[in-house]
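Dear colleague,

Please find the sequence and the structure below, handed over for your use. My account of the findings follows after them.

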Amino acid sequence: MLALARTVGLVGIEAFPVDVEVDMSRGLPSFSMVGLPDNSVRESRERVQAAIANSGFSLPPKKLTVNLAPAGRKKEGPSFDLPIAVGLLAAGGFVSAARVERFAYAGELALDGRVRPVRGMLPMASGITTGLEGLFVPAENASEAAISSPARVIPVRSLQDVANWLQGAEGLFPELPAPELTEPPVYRVDFAEVHGQLQARRALEIAAAGGHNLLMIGPPGAGKTMLAQRLPTILPPLTKTEAIETTMIHSVAGLLPEGVALVRERPFRSPHHTVSTPGLIGGGSNPRPGEVSLAHNGVLFLDELPEFNRSALEAMRQPMESCRVTVSRAVTSTDFPARFMLLAAMNPCPCGYLTHPSRACNCSSSQVQRYLAKISGPLLDRIDIHLEVSPLESKHLGPETEPGEPSLPMRERVATARAIQGERYAGMNDVFCNAGMPPSLLRKHCSIDPAGRKLLDTAASRFGFSARAYCRALRVSRTIADLEGEDRINATHVAEAVQFRALEKDYWV
Ligand SMILES: Nc1ncnc2c1ncn2[C@@H]1O[C@H](COP(=O)(O)OP(=O)(O)O)[C@@H](O)[C@H]1O
Ligand SMILES: [Mg+2]
């Protein structure tokens with residue numbers, strides 16, 4: 001007897017419908033699986049047979065063939081357990097085959113028949129064939145699935161649950177409430193905790209407003225890490241589309257915390273400097289997203305930048321330009337989105353104290369040069385804002401000192417500037433903020449008064465700007481003007497923007 005159970009496969013975060021065809025025929029008892037299953041899918045044979053037996057069904061000793069169609073695409077992961085098991089139950093006549101076909105199934109099975117949660121449920125659920133009556137998923141994944149599934153989501157805890165439902169006990173399964181998408185994020189840190197550092201705060205606000213990359217240079221203890229950790233608190237909340245995109249990536253990577261269906265906070269990823277190139281960029285035989293993709297719609301913070309593996313840093317240049325990563329493997333290539341703000345921090349020299357107001361630095365100038373040379377020109381070029389951070393004197397750090405401005409008003413100013421950009425780039429698919437403005441639009445959107453133009457040209461020749469650095473300074477000027485609500489860029493805006501590139505000349509001669 002022949003049966004069909006529907007499910008989905010995943011490549012990266014792209015889902016594609018898969019039909020699990022099960023044939024049960026006379027012949028020597030055997031169980032074969034075809035249709036490009038990878039090892040994890042092939043192993044499901046053992047789990048499925050045990051789960052079926054332990055759920056109280058006994059499959060007849062026949063020749064079993066499972067085909068995963070389309071046969072040309074690789075199937076990966078344990079989520080095929082459930083559709084295969086249901087297909088077998090239908091082929092064996094335990095549940096109605098006609099009814100089984102009207103639903104989709106995804107989930108891993110334990111040997112005792114329990115259904116276990118799987119990675120990637122949000123993107124998977126978006127890929128089921130439309131027009132189905134429902135999607136059976138592990139209860140732990142149900143709210144995630146409900147966000148993107150075109151069909152009703154039916155949470156189940158065991159294979160027996162599925163069989164009961166298909167045999168007509170649907171009343172036992174209440175309809176899942178639609179997930180709440182509007183809850184604001186909660187932040188554990190706030191800019192109020194940062195004393196002084198007015199220039200750094202301003203630079204971070206500009207970076208947040210325009211989505212600009214930022215590099216902080218300063219001695220240990222200057223507060224670089226502290227400032228960086230507070231950047232997410234002034235970014236505008238994720239839009240629903242952004243939240244779904246980000247959740248898809250985290251779901252595929254298996255990083256959604258238990259009970260979380262949707263990522264609500266902008267990601268803040270801070271990989272250790274020992275991270276490998278695939279860890280940073282993405283990779284593996286079944287490609288997984290790297291840190292650049294996990295930071296999609298958020299912040300990638302690289303603390304102690306020169307300590308990172310040089311080739312990993314260089315590999316980041318391409319995703320920084322295109323906002324996507326393509327991970328190629330022998331047969332397939334997988335695309336992951338990677339639109340992130342790069343936030344980097346570093347000491348000015350190996351000992352760290354080169355620019356410290358009171359401590360002496362004991363590095364030779366060639367040591368300093370070698371240290372700085374770990375950051376390549378092209379990478380530096382892609383960072384719009386370079387910022388020197390000096391440590392605060394201890395008298396400004398005590399508990400009696402005035403707290404700094406809290407994150408909320410900063411976030412509101414950022415949101416106002418982002419709203420202007422939202423209108424400016426309305427209708428453009430891939431551009432959301434000034435940092436992403438393509439060169440072809442600079443003319444249209446960066447109208448600049450004559451004094452501003454003159455200042456920019458002077459600065460460009462004095463600091464030896466590359467064409468890319470010139471455009472980046474112009475984009476930062478645009479953001480500063482947006483923060484002020486000005487349509488036209490003037491000399492004050494430009495002056496502030498170009499000073500954020502002046503450091504390059506001081507350090508990297
Ligand atoms: N401006 C500041 N306001 C309040 N505390 C500060 C400030 N700067 C530094 N600190 C304190 O010093 C600690 C070390 O700062 P950190 O961010 O780790 O420095 P860095 O990363 O530059 O080495 C912080 O955890 C914080 O307690
Ligand atoms: Mg630090």
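The paragraphs below take up the aromatic pairs, the nonpolar cores, the salt bridges and one further residue.

Please keep in mind throughout that this is a predicted model.

Aromatic pairs

The count of aromatic pairs comes to seven. One of them joins Phe-103 and Trp-165 in an edge-to-face arrangement, with 5.3 Å from centre to centre and 80 degrees between the planes. Phe-103 belongs to strand β5 (residues 103-105) and Trp-165 to helix α7 (residues 159-166), so this pair ties together parts that lie 62 residues apart in sequence. Both partners are shielded: Phe-103 is buried, at a relative accessible area of 0%, and Trp-165 is buried, at 4%.

A second pair is formed by Tyr-105 and Phe-136, and it counts as stacked because the ring centres are 5.2 Å apart and the planes stand at 5 degrees. Here too distant parts of the chain are linked, since Tyr-105 is in strand β5 and Phe-136 is in strand β8 (residues 134-138), 31 residues apart. Tyr-105 is buried, with a relative accessible area of 0%; Phe-136 is likewise buried, with a relative accessibility of 0%. Phe-103, Tyr-105, Phe-136 and Trp-165 make up one aromatic cluster.

Two arginines are placed over aromatic rings. Arg-73 lies over the face of Phe-16, 4.0 Å from the ring centre, and Arg-359 lies over the face of Tyr-353, also at 4.0 Å from the ring centre.

Nonpolar cores

In soluble globular proteins, nonpolar side chains tend to be buried together. In this model the largest nonpolar core has 66 residues. The residues with the most contacts inside this core are Leu-215, Leu-300, Leu-302, Met-316, Phe-340, Met-346 and Trp-508. Helix α10 (residues 240-252) gives the most to this core, contributing five residues. Domain 1 (2-172) and domain 2 (194-433) each supply at least three residues to this core.

Which residues does Leu-302 contact, once its neighbours within four places in sequence are left aside? They are Pro-271, Leu-280, Phe-308, Leu-313, Met-316, Leu-342, Leu-343, Ala-344 and Ala-345.

Another core, of 41 residues, lies apart from the largest one. Among its residues are Phe-16, Val-86, Leu-88 and Phe-136.

Salt bridges

Side chains of opposite charge can pair when their charged atoms come close. The count of salt bridges comes to 24, and three of them are described here.

Arg-114 forms a salt bridge with Asp-112, with the closest N and O atoms 3.0 Å apart. Arg-114 is partly exposed, at 42% relative accessibility, and Asp-112 is partly exposed, at 41%.

Glu-496 and Arg-202 meet through their side chains in a salt bridge of 2.7 Å, N to O. The two residues connect distant parts of the chain: Glu-496 is in helix α21 (residues 491-499) and Arg-202 is in helix α8 (residues 198-210), 294 residues apart. Arg-202 is partly exposed, with a relative accessible area of 24%.

Arg-266 forms a salt bridge with Glu-242, the closest N and O atoms being 3.0 Å apart. Arg-266 lies in the loop between α10 and β11 (268-269) and Glu-242 lies in helix α10, so the bridge ties together parts that are 24 residues apart in sequence. Arg-266 is buried, with a relative accessible area of 11%, and Glu-242 is buried, also with 11%.

Ala-460

Ala-460 is in helix α19 (residues 450-463) and counts as buried, at 12% relative accessibility. With its neighbours within four places in sequence left aside, Ala-460 is in contact with Phe-465 and Tyr-470. From Ala-460 to Gly-283 the separation is 177 residues in sequence and 39 Å in space, C-alpha to C-alpha.

With kind regards

Methods:
Residues are numbered from 1 along each chain as its sequence is written. Chains are lettered from A and ligands numbered from 1 in the order in which they are written. This is a predicted model: local features need pLDDT of at least 70, side-chain atom pairs count only at pLDDT 80 or more; totals for chains, interfaces and linings use all residues. Side-chain values use heavy atoms; hydrogens and water are left out. Rings of Phe, Tyr and Trp (its six-membered ring) pair if their centres lie within 6.5 Å; planes under 30 degrees apart count as stacked, over 60 as edge-to-face and the rest as tilted. Helices (H or I, at least four residues) and strands (E, at least two) are DSSP runs, numbered from the N terminus. Buried means under 20% relative accessible area, exposed over 50%, partly exposed in between (1.4 Å probe, protein chains only). A charge sits over a ring if NZ of Lys or CZ of Arg is within 6 Å of the ring centre and within 35 degrees of the ring normal. A nonpolar core is a set of buried Ala, Val, Leu, Ile, Met, Phe, Trp, Tyr and Cys residues joined through side-chain atoms within 4.5 Å. Domain bounds come from an automatic or database domain assignment. Contact means heavy atoms within 4.5 Å. A salt bridge is a side-chain nitrogen of Lys or Arg within 4 Å of a carboxyl oxygen of Asp or Glu.
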